[in-house]
Amino acid sequence: MSTPPRRTQVGIIGAGPAGLFLAHLLHRQGIKSVILETRTREEVEGTIRAGVLEQWTVDLMQDLGLGERMRREGHFHRGITLRFAGESHHLDFEDLTGGKRVTVYPQHEVLKDLVAARLADGGELHFGVRDVGLHDLTTDRPRLTYTTRDGEPQVLHCDFIAGVDGSQGLSRQSIEGRTEYGHLYPFGWLGILVEAPPSHHELIYARHERGFALLSTRSPEIQRLYIQCGPTDDVAEYPDERIWSELHRRLETVDGWTLTEGRIFQKGVIGMRSFVCDRMQHGRLFIAGDAAHIVPPTGAKGLNLAVADAVYLSRGLDCFYRTGRQDGLDRYTETCLRRIWKAERFSWYMTTLLHTNPAESPFEHRIRLADLDYVVHSRAAATALAENYVGLPLD
Ligand SMILES: Cc1cc2nc3c(=O)[nH]c(=O)nc-3n(C[C@H](O)[C@H](O)[C@H](O)COP(=O)(O)OP(=O)(O)OC[C@H]3O[C@@H](n4cnc5c(N)ncnc54)[C@H](O)[C@@H]3O)c2cc1C
């Protein structure tokens, strides 16, 4: 026998950054929500993904009272290094943007903090659910059906549904009349996690004729490094010696900078694509985050963009519950897309600037080098890169 239907104001599908930030923002506004998540808590808190938080994301975490551990354990970077032709060029974001920085604090640590605070607040968060279904989206009483971790079928009546179930989720399929824009890049990233001390205190982005390389740090003991590879390459093609050899060659400098090696304890290949769904609302369903857009990781925008959507959606819902006005919700797609396309542009720019493309002509290759030379020698060009990297203002 199934349990009687339950009710909430906002049903949230997915406990990634978009879903958890949305739930916290709504909680602060006195709006009730229920989060449904297919994965277990251990899986959600153990998946290593993004690591760079824009300044306003950090400010939002502090504002929501979620920033205590981040303040203690995060790494605050005042800039990045661009490396090409064997030379390093530091871009000082703090100087270029009037004091803004980026914070390296891994996504799974952010999620741990958000999950713990949600449960401490007494908020509903159901892990391990199955068979989530969306119904009656164009009525003012949409429903979610699902099966709990214990096999109980459930019905959840909502005022609104937030589809924040990532790029492979089902919510986007319910957005009628949408157009999807996509771009596939002819390369991917081989990422490794290494037990070693940092080789540098900030991120290094390198363009080399053998391909892109990125050096970043996760903690004083763990480093995250990437090399450009083929989009469908198998990690088995990359024994440790090959990876270190590529990293040394791509990151080496004329002044003899050295890369510290260590034990590689995780390897993975990710493909790179850009994607935008041009409609983010259907009736009372709103989609946000990776469910609506994907960026290649070169600009470090994916997580931050997901949180920005959550902020815009929470504002529209807050306005609706306080005043009964729908105009904020009606403008949700338009408001989000203005930011999304700018982040798409920046992520595409950083990706094409820093990667070698097998299909690129010698002419295009020289143009990329001229672009890099311009960025590191023009304060105006460096400022444009810096203000995008630290995060454009929310409004
Ligand atoms: C391998 C990898 C590396 C990345 N590296 C970077 C990086 O370096 N920098 C950066 O900025 N971004 C990076 N990203 C992107 C960043 O992690 C995402 O943009 C961010 O996680 C988006 O958050 P989200 O909440 O929209 O979606 P997600 O984090 O994908 O969360 C969606 C959640 O919904 C759940 N779900 C799915 N279907 C259902 C369902 N039917 N019912 C209930 N729950 C469901 C999923 O289990 C998941 O927990 C990376 C992504 C990947 C995959």
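**Strands, rings and helices**

User: Hi! Which residues of β16 are on one side and which on the other, and are they buried or exposed?
Analyst: A213, L215 and T217 are on one side of β16 and L214 and S216 on the other, and all of them are buried. Buried means under 20% relative accessible area, exposed means over 50%, and partly exposed is in between, with a 1.4 Å probe and protein chains only. Strands here are DSSP runs of E with at least two residues, helices are runs of H or I with at least four, and both are numbered from the N terminus.

User: What should I know about the model itself?
Analyst: This is a predicted model, where local features need pLDDT of at least 70 and side-chain atom pairs count only at pLDDT 80 or more, while totals for chains, interfaces and linings use all residues. Residues are numbered from 1 along each chain as its sequence is written, and side-chain values use heavy atoms, with hydrogens and water left out.

User: Thanks! Back to β16: how many of its residues are buried?
Analyst: For β16 (residues 213-217) the count is 5 of the 5, so the strand is largely enclosed by the rest of the structure.

User: And which strands does β16 pair with?
Analyst: β16 runs antiparallel to β15, with 3 bridges joining them, and it pairs with β17 (residues 222-229) over 5 bridges, also in the antiparallel sense. Pairing requires that DSSP finds at least two bridges between the strands.

User: Which residue of β16 is opposite I204, and what is the partner of S216 in β17?
Analyst: I204 faces L215 in β16, and S216 has R224 as its bridge partner in β17.

User: How many residues sit in the hairpins there?
Analyst: The hairpin of β15 and β16 has 5 residues between the strands, and G211 takes a positive phi near 130° there. From β16 to β17, the hairpin runs through 4 residues.

User: What else does β15 pair with?
Analyst: β15 (residues 204-207) and β6 pair in the parallel sense over 4 bridges.

User: Tell me about β6. Which residues point which way?
Analyst: G79, T81 and R83 point one way, while I80, L82 and F84 point the other way, and all are buried. In β6 (residues 79-84) 6 of the 6 residues are buried, so the strand is largely enclosed by the rest of the structure.

User: How is β6 connected to β7?
Analyst: They run antiparallel and are joined by 6 bridges, with β7 covering residues 87-92. T81 has H90 as its bridge partner in β7. The two strands form a hairpin with 2 residues between them, and A85 in the turn has a positive phi of about 50°.

User: Where do F93 and Y389 lie?
Analyst: F93 is in α5 (residues 93-96) and Y389 in α12 (residues 379-390), so the pair ties together parts that are 296 residues apart in sequence. Both F93 and Y389 are buried. They also belong to one aromatic cluster with W189, Y205, F212, Y226 and F346.

User: What about the rings of F320 and Y321?
Analyst: Their centres are 5.3 Å apart and their planes are at 85°, so the pair is edge-to-face. F320 counts as buried at 17% relative accessibility, whereas Y321 counts as partly exposed at 27%.

User: Last one: at what angle do α8 and α10 cross?
Analyst: At roughly 160°; the axes of α8 (residues 302-323) and α10 (residues 332-354) come within 10 Å.

Notes: Rings of Phe, Tyr and Trp (its six-membered ring) pair if their centres lie within 6.5 Å; planes under 30 degrees apart count as stacked, over 60 as edge-to-face and the rest as tilted. Axes are lines fitted to C-alpha atoms, for helices over the stretch in contact, and angles run from 0 to 180 degrees between N-to-C directions.
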